[in-house]
Amino acid sequence: MIIEYLRYRIPDGGQAAFEDAYRRAAKSLAAAEQCHDYELARAVDEPGSYVLRIVWTSAEAHLQGFRAGPHFAAFFAEIRPYVESIEEMRHYARTEVAGPGGAVPTLYEWAGGAAALARLTEAFYAKVPGDDLLAEVFAGMSPDHPAHVAAWLGEVFGGPAEYTARHGGHAHMVGRHAGRAITEPQRHRWVSLLLATADEVGLPADPEFRAALAGYLEWGSRLAVAFSAPDAGPAADQPVPRWGWGSAPPWTGS
């Protein structure tokens, strides 16, 4: 992803028309496959100063794809009167220095930390041997498996990087699924039973947390099915995913 920033200085009396123009131009951004998201912000201490942030899939996608594509003409027609008001226009690449601030708790904190996730996995895996679909998947399960899954969930949900430090990180988790040929009914049962267990052990029941929890379980379990397929390749070298209150971008298979 590449982030484009444009700084505008709009004369007094012209701000409303400027925002209206970008409101119309934004329809073209929303339709462009090269655009990930966008935001126009106004300085609170200097109302004529604006910053437009557009996240493009790449610099080439912006400069060659969007500008040569079907949506640019309509976009530019709206913003043309304000081109001379641009003070800066640059593309930026993200760095590894990023993360949530303290104003928003992590899912790990909201769930109740390590103790709550341990309750969840212990109660869940106690049911697995008697389940007609999951018993086969977890035959020969190690007594430490519930604790390992709790550590994985803790790291994914923003807690300590214990799974990476002690159990091998993302590659190890993917490797644990290799060759298991997990079926869709088994995946579905794993998700539904784990969500039911979350109710039983008293995990937070607010809609926001449960949507984030269900979203991760659906996402992760569907990847597990892909990783367990007989023709699945080796795991990519990447960190443990970090799940937040929002959503993940589409998975491209890499």
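## Ground rules

Helices (H or I, at least four residues) and strands (E, at least two) are DSSP runs here, numbered from the N terminus.

The model is a predicted one, so local features need pLDDT of at least 70 and side-chain atom pairs count only at pLDDT 80 or more, while totals for chains, interfaces and linings use all residues. Residues are numbered from 1 along each chain as its sequence is written, and side-chain values use heavy atoms, with hydrogens and water left out.

## The second largest pocket

Let's begin with empty space. Rolling a probe the size of a water molecule over the atoms shows where empty space is left. A pocket, on a 1 Å grid over the protein atoms alone, is an open set of points where a 1.4 Å probe fits, with protein on both sides within 12 Å along at least five of seven lines; a lining residue has an atom within 4 Å of a point. The volume is the space filled by probe spheres set on the points, which are joined across faces, edges and corners.

The second largest pocket holds about 220 Å³. It is lined by 17 residues, and Leu6, Arg67, Phe75, Ile79 and Met89 are the closest to its centre. At least two lining residues come from each of strand E1 (2–9), strand E3 (49–56), helix H2 (59–66), helix H3 (72–79) and strand E4 (86–93). H3 gives the most, with four residues. By type, the lining has 14 nonpolar residues, one polar and two charged; Ala, Val, Leu, Ile, Met, Phe, Trp, Tyr, Cys and Pro count as nonpolar, Asp, Glu, Lys and Arg as charged, and the others, Gly among them, as polar.

Which residues of H1 are buried? They are Gln15, Phe18, Ala21, Tyr22, Ala25, Ala26, Ser28 and Leu29, where buried means under 20% relative accessible area, exposed over 50%, and partly exposed in between (1.4 Å probe, protein chains only). An α-helix has 3.6 residues a turn, so residues three or four places apart point the same way. The cover over the buried residues of H1 includes E1, strand E2 (35–42), E3, H2 and H3.

Now back to Tyr82, which is buried at a relative accessible area of 14%. Tyr82 touches Tyr8, Ile10, Ala17, Phe18 and Ala21, leaving out residues up to four places away in sequence; contact means heavy atoms within 4.5 Å. Tyr82 and Ala21 are 61 residues apart in sequence, yet their C-alpha atoms are 9.3 Å apart in space.

Gln34 sits in the loop between H1 and E2 and counts as buried, at 14% relative accessibility. Beyond its neighbours within four places in sequence, Gln34 contacts Val55, Trp56, Thr57, Ala61, Gly65 and Phe66.

## Helix H7

Helix H7 (residues 145–156) has twelve residues that should span 16 Å at 1.5 Å a residue, and its end C-alpha atoms are 16 Å apart, which agrees. Ten of the twelve residues are buried, so H7 is largely enclosed by the rest of the structure. Among these buried residues are His145, Pro146, Trp152 and Glu155. Their cover includes helix H4 (107–111), H5, helix H8 (162–167), H9 and H11. Just after H7, Gly158 takes a positive phi of about 100 degrees.

## Loops between later helices

Val128 lies in the loop between helix H5 (113–127) and helix H6 (134–137). Val128 is buried, with a relative accessible area of 1%, and touches Leu134, Ala135 and Phe138, not counting residues up to four places away in sequence.

Ala181, in the loop between helix H9 (169–177) and helix H10 (184–200), is partly exposed at 42% relative accessible area. Its phi is near 50 degrees, a positive value in a residue other than glycine. Val201 belongs to the loop between H10 and helix H11 (207–228) and counts as buried at 19% relative accessibility. Neighbours within four places aside, Val201 is in contact with Arg119, Leu120 and Ala123.

Definitions and conventions: Expected span 1.5 Å × (residues − 1).
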